Amino acid sequence: MSVIAAGSILLASSFCPAANAESPQNNAQEAQAQSPDERAAGLVAQMTLDEKIQLVHGNYPKVMENRPEDVPVSAGWVPGIERLGIPAQRATDASLGVAAGHRTIKPATALPSSMLLAATWNPKLAFDSGALIGKEARQQGFNILLAGGVNLVREPRGGRNFEYLGEDPLLAGTLVGYSVKGIQSNNIVSTMKHYPIHPQETGRFVLSVNMDEAALRESDLLAFQKGIEIGDPGSIMCSYNRINSHYGCENAIMFDILKKDWGYPGWVISDWGAVHSTVKAVHAGLDQEAGEELDTNVWYGQMLKDAVGTGAVSEKQIDGMVTRILRSLYATGVMDNPVGPPQPLDLEKGKQVAKAAALEGIVLLKNDDNLLPLAASAKKIAVIGPHADAGVLSGAGSSQVIPEGSVRLDAPSNAPDWLAGIYYHPSSPLEAIRKLAPSAEVSYANGNDIQAAAALAAQSDVVILFGGQWTTEAMDASITLDGEQDQLIDAVAAANPKTVVVLQTGGPVLMPWLDKAGAVVEAWYSGAGGGEAIADIIFGKANPSGRLPVTFPASQSQLPNPEIPGARLPLPSPVNHSEPEPFDMSYPEGADIGYRWYAKTDATPLFPFGFGLSYTSFEHAALAFDKTSLTARFTVTNTGGTAGRDTPQLYVKPPKGERRLVGWGITSLDPGESKTVMLAIDPRFIAHYADAAKGWVVAKGKYHLILAKNATDPGIQITVKLPKRTLPVAWHPDAAATSWFAQSE
Ligand code: BGC
């Protein structure tokens with residue numbers, strides 16, 4: 001039997017999710033013979049200049065003056081044009097659910113972090129999570145979701161890593177694509193962000209990411225490109241930071257890649273407070289200024305009209321901008337399926353979707369002597385760690401969802417004042433553990449008193465110890481757990497080696513106590529069903545199947561930038577009013593991001609990209625490759641005694657350079673069961689980008705295909721020789737001939 005394979009051309013064509021069954025019918029799209037672009041052009045032809053300008057700049061309702069009563073306090077609003085049937089654009093964040101954050105909309109379902117979603121490696125879960133967020137957004141009266149964070153994790157301390165999908169362009173690009181598809185199945189717009197690169201929070205408004213175009217095209221841009229091809233997002237949000245000296249929202253080179261090279265038809269929306277000019281931005285390709293109250297000027301209001309008056313901007317350019325907005329509103333179904341008044345949400349159903357993702361994205365990192373799953377015979381269980389009685393940790397910033405019943409702690413004093421605080425989502429691991437161990441004595445200590453916690457551990461059969469790293473937008477984190485938790489874990493694990501450490505982190509952390517701990521479970525920020533999912537895994541109700549979407553370094557010195565340069569200034573909002581001096585950043589890894597950097601520098605990480613254990617074992621075999629169709633085939637067998645899910649990973653090491661992920665399978669197998677997986681390789685992921693050829697070049701030579709369990713696993717290897725092949729810059733899988741290597745030399 002063949003199974004679904006991810007991150008490959010096969011997947012892109014074989015996984016075709018149906019439109020959300022409960023979403024409104026997109027009648028008009030079927031009925032209308034005209035394309036979205038034609039329909040948009042028809043409207044633009046009837047608009048006055050003032051009306052056009054009205055559509056290309058928008059408010060931040062939280063701080064706008066004279067906010068109309070029917071406009072919710074949320075991220076964005078652009079008034080509609082009633083006489084033409086153009087609805088208001090009502091925008092909300094983001095990828096982890098309909099965000100409340102510092103705003104006052106009703107609590108929605110808190111999905112797990114995007115980092116956890118990436119650890120599932122499962123496009124179907126990305127689609128399902130997106131479909132839920134989109135549905136709740138629509139039910140709350142929004143037609144634009146600012147969801148689709150796909151910045152690659154270059155800086156493991158990045159404050160927003162939890163909002164992104166890891167370090168690999170194929171994994172992140174594939175998952176963001178399906179997430180956007182899920183969101184847009186509700187006939188609303190999803191926004192991929194932050195284009196083209198946004199690697200850290202420190203200095204985010206001013207820093208210049210200095211990187212050559214080829215390196216960008218092979219890494220962050222490739223993730224966007226893949227995601228856009230799969231998900232077809234209505235809009236793309238440009239980044240705060242500069243790229244090679246030009247701000248993300250006025251960067252002609254980057255916008256030309258998006259719009260001209262890739263033919264992206266949607267609109268480019270600014271980040272909130274990211275616009276710095278009128279004429280330069282318009283000429284570069286920024287279509288809409290959002291959150292204008294956070295900019296130093298309303299660049300796309302009267303100033304834009306004046307620029308049309310002087311001829312610095314032509315009305316034709318404005319028409320182009322408006323057409324892009326309207327065609328996406330048509331293409332996604334917003335125009336034909338207007339959002340209605342807010343409706344109640346089915347939070348119970350939402351929780352099931354959140355828990356399903358959490359169960360697949362929690363990663364088992366260590367399991368000495370099969371300590372997990374916990375034996376039913378454990379009589380005395382100690383649960384230790386801050387707020388493990390109350391809930392699961394969440395990340396902060398504009399994406400934060402705050403369900404009713406969440407527990408709030410004050411954010412650190414150096415955090416930006418607009419942050420809502422540190423929140424634990426109301427899914428208590430302690431309660432869930434007690435439910436699954438009804439005959440055990442389960443004691444709880446918050447761990448504030450390290451000695452008392454160690455004493456409790458010594459008297460217990462087994463310890464479940466929660467460690468947290470709180471991360472937030474606008475501030476980078478440190479690479480360690482918060483406060484004195486490393487000391488706590490050290491002391492507890494020394495007192496009882498049967499200690500299961502459950503980590504709740506935004507991304508990678510160091511683990512100085514690793515040798516002492518019996519088991520380690522990376523639970524990330526696990527959302528509305530997180531406590532239950534953690535308990536299910538600990539007690540073996542579910543078999544862990546998550547795989548790391550990001551490398552965990554063994555030390556800070558292994559990082560491309562061991563120190564984060566630039567002032568570590570948290571910035572208050574409105575954002576432009578207190579910036580540090582602009583500074584330049586280079587990222588020495590360039591295109592060799594994440595695991596490829598470790599391979600290049602010969603550094604052994606603590607846990608490699610792709611790593612994750614199971615309660616069963618899997619064997620991979622019979623790797624074969626068809627050069628004509630660039631398709632690999634192999635078998636996966638469950639060789640253990642428990643049903644489980646494996647994620648066999650296919651890497652390719654080109655003639656020059658480090659190995660990179662080219663596809664993966666997702667195989668659920670009963671004990672003894674085998675399945676065959678087929679993966680078609682997208683050639684851009686084994687190519688390099690050549691400025692001279694203005695396209696992708698697959699070099700002639702020997703390629704190693706590596707079927708592996710993670711990025712450092714030698715796995716099973718075969719070698720193939722490929723001829724040189726150049727692909728045009730606009731090449732993408734749909735455009736591929738059945739046999740793209742047919743004219744091989
Ligand atoms: C963030 C965006 C977000 C926007 C609106 C900005 O601070 O960078 O990701 O969508 O705020 O809330």
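## Stop one: the second largest pocket

The second largest pocket holds about 400 Å³ of space. To find it, select Gln 139, Gln 140, Gly 141, Pro 342 and Gln 343, which are the closest to its centre among the 23 residues of its lining. Colour that lining by class and you get 13 nonpolar, six polar and four charged residues. (Nonpolar here covers Ala, Val, Leu, Ile, Met, Phe, Trp, Tyr, Cys and Pro; charged is Asp, Glu, Lys and Arg; the others, Gly among them, are polar.)

Pockets and cavities are both found on a 1 Å grid over the protein atoms alone: a cavity is a set of points where a 1.4 Å probe fits but cannot get out, a pocket is an open set with protein on both sides within 12 Å along at least five of seven lines, and lining residues have an atom within 4 Å of a point. Grid points are joined across faces, edges and corners, and the volume is the space filled by probe spheres set on the points.

Two things to know before moving on. You're looking at a predicted model, where local features need pLDDT of at least 70, side-chain atom pairs count only at pLDDT 80 or more, and totals for chains, interfaces and linings use all residues. Residues are numbered from 1 along each chain as its sequence is written, and side-chain values use heavy atoms, with hydrogens and water left out.

## Stop two: the largest cavity

The largest cavity has a volume of about 130 Å³. Select Ser 95, Ser 114, Leu 117, Leu 165 and Ser 179, the closest to its centre of the 16 lining residues. By class, the lining of the largest cavity splits into seven nonpolar, eight polar and one charged.

Next, show helices H5 (114–120), H6 (123–139) and H7 (169–184); each gives at least two residues to this lining. H6 has the largest share, with three. (Helices are DSSP runs of H or I with at least four residues, strands are E runs of at least two, and both are numbered from the N terminus.)

## Stop three: the ligand

Draw some distances. A polar side-chain atom of Arg 160 is 2.7 Å from a ligand oxygen. A side-chain N or O atom of His 194 is 2.7 Å from an oxygen atom of the ligand, and a polar side-chain atom of Glu 473 also lies 2.7 Å from a ligand oxygen. (The cut-off for a polar contact is a pair of N or O atoms within 3.5 Å; within protein, one must be able to donate a hydrogen and the other to accept it, and residues adjacent in sequence count only if both atoms are side-chain atoms.) On its own the ligand has 310 Å² of accessible area, of which the protein covers 96%. (Areas come from the Shrake-Rupley method with a 1.4 Å probe; for residues, only the protein chains shown count as cover.)

Go back to Asp 93: its peptide bond to Ala 94 is cis, with omega near -20°. Ala 94 is in the loop between strand E4 (89–92) and H5. Another cis bond runs from Tyr 195 to Pro 196, with omega near 0°; Pro 196 lies in the loop between strands E6 (189–195) and E7 (208–210).

## Stop five: sheets

Show E10, E9, E7 and E21, an open sheet of four strands in that order with mixed pairing. E10 (246–247) and E21 (584–586) stand at the edges with a single partner strand each, so one side of each has no neighbour in the sheet. (Two strands pair if DSSP finds at least two bridges between them.) E9 (242–243) pairs antiparallel with E10 over two bridges, and Ile 243 has His 246 in E10 as its bridge partner.

Finish at E29 (688–690) and E30 (695–698), antiparallel over three bridges. Here Tyr 689 has Trp 696 as its bridge partner in E30. The two strands form a hairpin with four residues between them, and Lys 694 in the turn has a positive phi of about 45°.
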